[in-house]
Amino acid sequence: MSAEHTAVIDAEIIRAYAQLTGDHNPIHEDAEYAANTRFGRPVAHGMLVAGYVQTALTALVAPGGVSTSYQFDLLAPAFEGTSVTAQAVCAHLDPVTHRATFTITVVDDTSRKQLISGSAVVAFPKGEK
């Protein structure tokens, strides 16, 4: 059981995420500032990139499944204009606890570099999934 979600992270999405969350770190929005960082240009918010995993998970567990935990590592940045694919793969189903554990990843579609790696746990009501 697996699902994927692909998205392009453009400047408008980065600005909207900054506005929504209040995270206005200049590494995300100020090209001049970002040019003087180790990345050399603005990077998308790590949590924005990680959020695409939920879209893949929802395709597998809705309705009924509720995410209860995430663990992930931010391995590399996503830059403005990057196309990414988030994937969720069921690694374990526990019929006793009614929970499923998923391996989650996000990959840069052009470079094939893994940007995020981790896991998520989803709980289900008794009798579902």
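At 22% relative accessibility, Asp-109 counts as partly exposed, where partly exposed means between the buried limit of under 20% relative accessible area and the exposed limit of over 50%, with a 1.4 Å probe and protein chains only. I start there because Arg-112, at 56%, counts as exposed, and the side chains of Arg-112 and Asp-109 meet in a salt bridge, 3.7 Å from N to O. A salt bridge here is a side-chain nitrogen of Lys or Arg within 4 Å of a carboxyl oxygen of Asp or Glu. By that rule the count comes to one.

A word on the source. This is a predicted model, in which local features need pLDDT of at least 70 and side-chain atom pairs count only at pLDDT 80 or more, while totals for chains, interfaces and linings use all residues. Residues are numbered from 1 along each chain as its sequence is written, and side-chain values use heavy atoms, with hydrogens and water left out.

Now the overall picture. The protein has four helices and five strands, in the order β-α-α-α-α-β-β-β-β along the sequence. Helices (H or I, at least four residues) and strands (E, at least two) are DSSP runs, numbered from the N terminus. Of the 129 residues, 37% count as buried. The C-alpha atoms fill a box of roughly 55 × 30 × 20 Å, taken along the principal axes.

Next, the core. In soluble globular proteins, nonpolar side chains tend to be buried together. A nonpolar core is a set of buried Ala, Val, Leu, Ile, Met, Phe, Trp, Tyr and Cys residues joined through side-chain atoms within 4.5 Å. The largest one here has 30 residues, and Ile-9, Val-49, Phe-102, Val-106 and Leu-115 touch the most other members. Two or more residues come from each of β1 (2-9), α1 (11-21), α4 (46-61), β3 (82-94), β4 (99-108) and β5 (114-123). The most come from α4, which gives nine.

Take Leu-115. Leaving aside neighbours within four places in sequence, Leu-115 is in contact with residues including Val-49, Val-84, Val-106 and Asp-108. Contact means heavy atoms within 4.5 Å.

Beyond four places in sequence, Asp-108 is in contact with Thr-82, Ser-83, Lys-113 and Leu-115.

On to α1. Which of its residues are buried? They are Ala-11, Ile-14, Tyr-17 and Ala-18. These cover an arc of only 130° around the axis, so they sit on the same side of α1; the arc is that of the directions from the helix axis to the C-beta atoms. Glu-12, Gln-19 and Leu-20, on the other side, are exposed. The buried residues of α1 pack against β1, α2 (26-29) and α4. After α1 comes Gly-22, with a positive phi near 80°.

Last, some backbone details. A cis peptide bond joins Ala-62 and Pro-63, with omega about -5°, and Pro-63 lies in the loop between α4 and β2 (66-74). His-98, in the loop between β3 and β4, is not a glycine but has a positive phi of about 60°. Arg-112, in the loop between β4 and β5, also has a positive phi, near 65°.
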